[in-house]
Amino acid sequence: MHRTSHRPAVGPRLRLAAQARARCNKLGRDRREAERRHTGSATLSPKEQIGPTGRPLPTFPAPKELRSHGPARIIAMCNQKGGVGKTTSTINLGAALAEYGRKVLLVDFDPQGALSVGLGIRAHELDTTIYNLLVSRGTDIHDVIQHTATPDLDVLPANIDLSAAEVQLVGEVAREMVLARVLRPVADEYDVILIDCQPSLGLLTVNALTASHGVIIPLECEFFAMRGVALLVETIDKVTDRLNPRLEIDGILATMYDGRTLHSRDVVRSVVDHFGDKVFHTTISRTVKFPDATLAAEPITTYASHHGAAEAYRQLARELIARGDAA
Ligand SMILES: Nc1ncnc2c1ncn2[C@@H]1O[C@H](COP(=O)(O)OP(=O)(O)OP(=O)(O)O)[C@@H](O)[C@H]1O
Ligand SMILES: [Mg+2]
């Protein structure tokens, strides 16, 4: 008697619980579907853990093998703020893409020559660099390109000579298109060309943006990260409007992230609030392995192949490919 009096009350409770479970499952399915749409061929990791950007972190699949190479997608690594990880990201994203079988050309477009030196090229001793290609037509780009110790990773080197180009190009016809002209003969030989810009929004950077299909903006996870970004986006918009309609922002890359600090996490969340899905799920942590690898003149992917920092750039390469922003 006692038991039967309870049965009618348990039925509706169970039904309510089942309905709530179904609603949760549906919400989960909707969220997975929305995420799948945002991440192209990426799938959410089984646990759907929240990534450092505060969004569910997808798993990016290993890229398909390429049977033929080119034409290259050209990407400028750009931020007029100094020391945010442009050169480090150019070298290591390039090396990771090369590991995945992509043919990669890195363009050193900074008179500091840090990219060339960071890959073991004694740029200050070279007679011909990108400078010669920019200011005279007699040089063959193939004679200037240097191979690195990493297979399929080549460099168009620069040294301090490049600082003179900015002044010399001012009087040129179509002075913003000179780099695009320089790169044209090798565009079909590479899958990706990454341009390491100098920390300025001057004529060299405008040349890099005019030659590119996409821009990646590395942002250091610190308090003033967003300072100057509005001006950078304005410059990108002007180049898109007046010189290069195909140009698009491929992504914002948070660098020097320290997940132990609330500060780093807050900066990344505010960058996501501002740029939304443009922010890469992949973030690059702060680690002394990067300066160490620069001293060793090697990409992190070979210097500390198993370190999380190397894996982060591999993940960035996979994410870029999964988004369709590289072959
Ligand atoms: N994730 C990181 N963790 C720790 N140090 C880093 C990291 N990324 C870069 N660095 C170091 O910070 C310094 C600046 O990095 P990098 O040269 O890549 O910046 P940049 O934006 O190219 O600078 P510049 O504007 O001068 O060209 C370098 O010493 C580099 O080794
Ligand atoms: Mg640099």
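How many helices and how many strands are there in the chain? In this predicted model, the chain contains 13 helices and 10 strands. Of its 327 residues, 45% count as buried, and among contacts between residues at least 6 apart in sequence, 76% join residues at least 24 apart.

Strand β3, which covers residues 73–77, has 5 of its 5 residues buried, so the strand is largely enclosed by the rest of the structure. In a regular strand the side chains alternate between the two faces of the sheet. Both faces of β3 are covered, with Arg 73, Ile 75 and Met 77 buried on one side and Ile 74 and Ala 76 buried on the other. The strand runs parallel to β7 (residues 192–197), to which 5 bridges join it, and also parallel to β8, to which it is joined by 3 bridges.

**Helix α10**

Helix α10, formed by residues 262–275, has 14 residues and reaches 20 Å from its first C-alpha to its last, close to the 20 Å expected at 1.5 Å a residue. Ser 264, Val 267, Val 268 and Val 271 are buried in this helix, and, seen down the axis of α10, its buried residues fall within an arc of 95°, so they line one face of the helix. An α-helix has 3.6 residues a turn, so residues three or four places apart point the same way. On the other side of α10, Leu 262, Asp 266, Ser 270 and Asp 273 are exposed. The buried residues of α10 pack against β8 (214–220), β9 (248–257) and β10 (279–285), and the helix is followed by Gly 276, whose phi is positive, near 55°.

**Gly 308**

Gly 308 lies in helix α13, residues 308–322, and counts as partly exposed because it has 13 C-beta neighbours inside 10 Å. Although Gly 308 and Ser 285 are 23 residues apart in sequence, they are 8.5 Å apart in space, C-alpha to C-alpha.

Notes: Residues numbered from 1 in each chain as written. Chains lettered and ligands numbered in written order. Predicted model: local features only at pLDDT ≥ 70, side-chain atom pairs only at ≥ 80, totals over all residues. Helix = DSSP H or I, 4+ residues; strand = E, 2+ residues; numbered from the N terminus. Expected span 1.5 Å × (residues − 1). Buried ≥ 20, exposed ≤ 12 C-beta atoms within 10 Å, placed from the backbone. Arc of directions from axis to C-beta. Contact = placed C-beta atoms within 7 Å. Pairing = 2+ DSSP bridges.
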